[in-house]
Amino acid sequence: MPREDQGHSEELRTAFLRHLPQRLRTLLRRARRQCREGWDINALILLQREFATLADAAGRYGLLEIGTPLAALEAVLAPYAGAGRLPEAAVNAALEPQLDALREQIEDAELIAEAAPAQQTAARRPQLYSVAAATADGYARMDVPPPGYWRTLGIEDAPPESAAVNGSTGSAAGAAGTPSPSPSPSLAPAPVAAPPAAAVRAGAPRVALLAAGDAHAASLRERLQARGCTVQSLTDAEAAIEALAEQLPVLLVVAPSQHAVLETLAGELRELRGAHAQRFGVLALLEHDDLAARLRALRAGADHCVSVAGGLTDALALVDELLKGDAEEPYRVLIVEDDESQALFAESVLRKAGMLARMVTEPLAALDELERFKPDLILMDLNMPGADGLELTALIREREAFVTTPIVFLSGDPDDERQFAALDAGGDDFITKPVRPKHLIAAVSNRVRRARLASKRRGAVRRTPQASGLVERTELLDRLQERLAAGASARLHGGLLLLEVNDARALRERIGMTAYDALIAQVGGWVASQTEPHELVARFGDAGLLLLAPERDEDPLAAFAQTLAARIGHERFGSHALALSMAGGACGLACGLTDAGALLAAAERALEGGRREGGIGRYAQLAGNRSLSQQLRAGLDGDGLYLVYQPLAPVSAGPAEAQYQALLRLRDERGQIVPAAVLVPEAIRGGLIGELDRWVLGRCLATLAARERMGQPVRLFASQALATATDNTRAEWLRQGVRDARLPPGRLVLEFRYEEARGQQRTLVDLALALHDLGVGLALAGVGREAILAGILEQLPLDYVKLAPELAHDDGVAELVARAHAAGRRVIAPRIEDAGSAVALCAAGVDYLQGNFVQQAGQSLDYDFSAGRL
């Protein structure tokens with residue numbers, strides 16, 4: 001291979017290796033999220049393509065151990081991505097060992113990436129060591145260690161190239177100008193002395209490592225030194241106190257075996273932080289990522305915790321983030337205060353703490369100062385002449401660049417309503433005067449630190465501007481959510497546009513997937529080139545592009561889309577010079593929807609209208625036209641339906657089982673939440689109840705399987721219609737789903753309404769026996785006094801009975817509960833909204849309480865059942 005081509009290849013390999021660990025971490029995180037929360041077809045296709053691309057590149061560069069799990073993952077997902085369908089629950093189980101194998105390769109990828117620059121440099125310069133002469137024992141003498149040796153000791157690895165080329169020795173003779181002899185053809189240049197460690201480490205971040213005897217100590221020290229850190233090893237509490245008192249580090253890292261030492265240092269750490277303006281961070285490494293260990297570490301003084309159960313990859317990534325944060329420029333604070341003495345006081349306090357503070361005593365002048373000073377935080381007075389703090393905050397939040405800038409109100413106004421109004425207007429915090437300097441510094445520092453960290457993490461997924469002009473979809477949606485969150489105090493401007501290339505499937509089949517993907521990327525770059533600098537464009541799905549325009553409302557955005565649709569016909573794309581056309585859908589941010597997902601669904605609906613009309617659809621023209629049945633149909637197709645969970649809290653002491661009622665919800669086209677009580681009758685009228693029940697069961701099985709894999713099992717109660725549950729095809733489908741999810745008996749409970757089951761006891765008995773064979777429980781809801789007295793509990797093989805809500809106020813409810821217990825049924829009291837009902841039903845002996853009094857329904861499964869016993 002020609003030397004120029006070989007050097008180019010090495011540069012490409014080094015660039016690939018430099019970014020490989022982060023790409024692997026991102027893919028691993030995205031894949032695990034999909035397995036845990038359910039698959040999205042767009043995410044599935046992107047993951048499959050990324051796995052294939054990286055597997056091919058890893059093979060090309062000889063990284064077979066890294067490429068193997070990537071290829072295996074791509075092979076699992078390829079059939080589903082190609083067919084455009086979502087994986088079943090069993091596929092998630094098949095992915096887990098491959099994802100674990102990929103995680104194990106990330107640390108190796110980092111080591112390879114760190115070594116690559118040194119190897120590439122060594123390949124470009126003359127050899128620095130050779131055989132000068134054989135020693136008496138026949139072994140060659142190595143004058144200079146191989147690449148990478150000095151870095152293991154925290155010293156710069158390679159000498160300057162000029163020294164190597166000139167053969168400089170750094171000796172006294174060399175310094176005096178004595179000419180060096182020309183090297184003979186058989187000999188390498190004279191040995192090069194390693195630079196002193198002190199010179200190399202000047203200005204390097206100082207990290208204190210409390211890790212005596214820990215299994216991770218040696219590896220962690222080596223990896224930190226390889227990152228250019230000066231590492232000080234601490235062996236015990238006494239040595240740590242002495243070292244910290246002498247010189248504060250940038251970061252104190254505490255190994256898992258040293259958490260007891262950290263607890264003894266808690267008081268000393270507080271004193272050191274109080275006595276020094278310089279802040280240092282404390283990072284606790286955890287052997288296992290459990291909540292109790294995190295709480296102990298945080299209480300002992302740790303600022304951050306990270307698990308090392310899967311290796312040091314995540315810990316080192318967090319170290320890098322913390323060290324970069326420490327090297328940032330001082331915090332910039334703009335003080336808006338009409339009282340000059342108060343402004344000077346705040347400015348003086350913040351400047352002494354090392355911040356850049358600037359005061360403005362004319363409220364409206366602060367708007368001009370924003371652009372010049374670009375503050376990290378605004379310290380705002382509430383009551384000022386000309387424009388009070390509320391009005392000024394609303395004006396600031398209208399500016400795109402300062403939508404997320406923290407605003408902290410500092411005022412002596414004692415009125416609670418005014419303080420609430422300040423927060424509602426867009427403020428982030430409220431501090432009451434008079435304020436202690438220490439309190440002011442802490443409030444400002446914490447807000448700015450979190451804001452910078454959030455901005456950095458958002459920026460981690462943002463694309464460095466390239467010729468394509470495209471950003472990641474997650475970045476665009478994050479920016480959209482930021483605008484929506486800032487819109488409480490003012491009318492929102494801007495819009496969302498969804499564009500789609502027409503006849504995409506036929507086009508892909510005609511030119512092939514590789515050429516098609518490159519063509520869509522080229523179209524995306526062309527669209528981005530037509531937009532304003534502050535507008536974002538991202539790929540969306542297989543043939544779509546998403547545009548966020550912060551200053552174009554729906555009408556101007558739709559007009560812009562019409563212009564794009566007209567222009568694209570005159571362009572030619574791809575190697576085949578193809579003429580294309582596109583449809584689009586526009587939705588304004590002022591449409592009343594308050595969630596990024598709801599806005600995206602609105603833009604997709606507008607796109608549907610655009611497809612029908614052969615042009616650009618507008619959400620404002622379509623909103624309100626679909627019936628609830630049509631929206632439900634769309635929900636079943638993946639647009640708007642979701643589950644929330646409400647805990648069933650145990651009343652008596654005993655083993656606390658985590659169990660929840662799964663409740664169906666639909667976010668309609670106006671962003672309103674429609675409950676199951678409305679959806680189920682509509683589904684019955686529209687003939688959709690069978691599909692709806694199957695959708696609910698599918699989501700419940702996926703959630704149960706995910707929790708089993710996480711080691712956090714739960715029991716879910718899922719409401720079903722009796723007519724659909726007795727369908728033979730449904731029974732076989734459920735049997736297969738339970739088997740695929742590998743659920744222990746009792747994890748899933750099907751719940752039926754007494755109103756529907758009345759008069760169908762024989763059917764319900766047969767169903768109960770079939771369900772018990774599958775390990776699925778049976779519950780009957782809405783059971784009242786009449787049904788219990790009629791012997792329904794003795795006639796049916798139920799596991800649970802859910803009382804009718806009116807029994808909460810029935811004086812004889814204790815007798816009914818006792819009868820249920822005598823029949824071996826556990827009793828649930830639903831819809832508990834107040835303490836009086838809860839007390840009465842607890843006294844009656846029910847087993848579980850459910851309702852908003854216990855906890856409102858939500859999308860997380862985080863209720864503390866041990867603390868929730870009543």
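Predicted model: local features only at pLDDT ≥ 70, side-chain atom pairs only at ≥ 80, totals over all residues.

User: What share of the contacts in the protein between residues at least 6 apart in sequence join residues at least 24 apart?

Analyst: Of the contacts between residues at least 6 apart in sequence, 68% join residues at least 24 apart. The protein has 34 helices and 27 strands. Buried residues account for 46% of its 870 residues.

User: Why is the pair of phenylalanine 409 and phenylalanine 430 called stacked?

Analyst: The search of the whole structure finds 5 aromatic pairs. For phenylalanine 409 and phenylalanine 430, the ring centres are 6.3 Å apart and the planes meet at 15 degrees. Rings pair if their centres lie within 6.5 Å, and planes under 30 degrees apart count as stacked. Both values meet those limits, so the pair is stacked.

User: What makes this pair a tie between parts of the chain?

Analyst: Phenylalanine 409 belongs to strand E11 (residues 407–411) and phenylalanine 430 to strand E12, so the pair ties together parts that are 21 residues apart in sequence.

User: How do you know whether phenylalanine 409 is buried or exposed? And what about phenylalanine 430, buried or exposed?

Analyst: The cut-off for buried is under 20% relative accessible area. Phenylalanine 409 has 0% relative accessibility, so it counts as buried. Phenylalanine 430 has a relative accessible area of 13%, so it is buried too.

User: Why is the pair of tyrosine 660 and phenylalanine 865 called edge-to-face?

Analyst: Here the ring centres of tyrosine 660 and phenylalanine 865 are 5.4 Å apart, with planes at 90 degrees. Tyrosine 660 is buried, with a relative accessible area of 1%, and phenylalanine 865 is buried at 5%. Ring pairs also link Tyr660, Tyr863 and Phe865 into a cluster.

User: Where does serine 837 lie, and how do you know whether it is buried or exposed?

Analyst: Serine 837 lies in helix H34 (residues 835–844). Its relative accessible area is 6%, and under 20% means buried, so serine 837 is buried. Leaving aside neighbours within four places in sequence, serine 837 is in contact with Ala808, His809 and Ile832.

User: And aspartate 503, buried or exposed?

Analyst: Aspartate 503 has a relative accessible area of 62%; exposed means over 50%, so this residue is exposed. You will find aspartate 503 in the loop between strand E13 (495–501) and helix H19 (504–511).

User: What makes the phi of aspartate 503 worth a note?

Analyst: Most residues other than glycine have a negative phi. Phi of aspartate 503 is near 55 degrees, a positive value in a residue other than glycine. Lysine 374 also has a positive phi, about 50 degrees, although it is not a glycine. Lysine 374 sits in the loop between helix H14 (365–373) and E10.

User: Which peptide bond joins lysine 433 and proline 434?

Analyst: A cis peptide bond, with omega of about -10 degrees. For background, most peptide bonds are trans. Proline 434 is in the loop between strand E12 (429–432) and helix H17 (437–460).

User: How many cavities of 30 Å³ or more are there, and what makes up the lining of the largest cavity?

Analyst: The whole structure has 2 cavities of 30 Å³ or more, and the largest has a volume of about 40 Å³. Its lining includes Ile335, Gln342, Met380 and Leu410. Strand E8 (332–336), helix H13 (340–352) and strand E10 (377–380) each give two or more residues to that lining, with H13 giving the most, 3 residues. By class, the lining has 7 nonpolar, 1 polar and 2 charged residues.

User: What lines the second largest cavity?

Analyst: Among the lining residues are Val738, Pro744, Arg747 and Gly775. This second largest cavity has a volume of about 30 Å³, and its lining divides into 7 nonpolar, 1 polar and 1 charged residues.

Definitions and conventions. Residues numbered from 1 in each chain as written. Heavy atoms only, no water. 1 Å grid on protein atoms, 1.4 Å probe; cavity = no way out; pocket = protein on both sides within 12 Å on 5 of 7 lines; lining within 4 Å. Points joined across faces, edges and corners; volume = space filled by probe spheres on them. Helix = DSSP H or I, 4+ residues; strand = E, 2+ residues; numbered from the N terminus. Nonpolar A, V, L, I, M, F, W, Y, C, P; charged D, E, K, R; others polar. Buried < 20%, exposed > 50% of the residue type's maximum accessible area, 1.4 Å probe, protein only. Contact = heavy atoms within 4.5 Å. Phe/Tyr/Trp six-rings, centres within 6.5 Å; stacked < 30°, edge-to-face > 60°.
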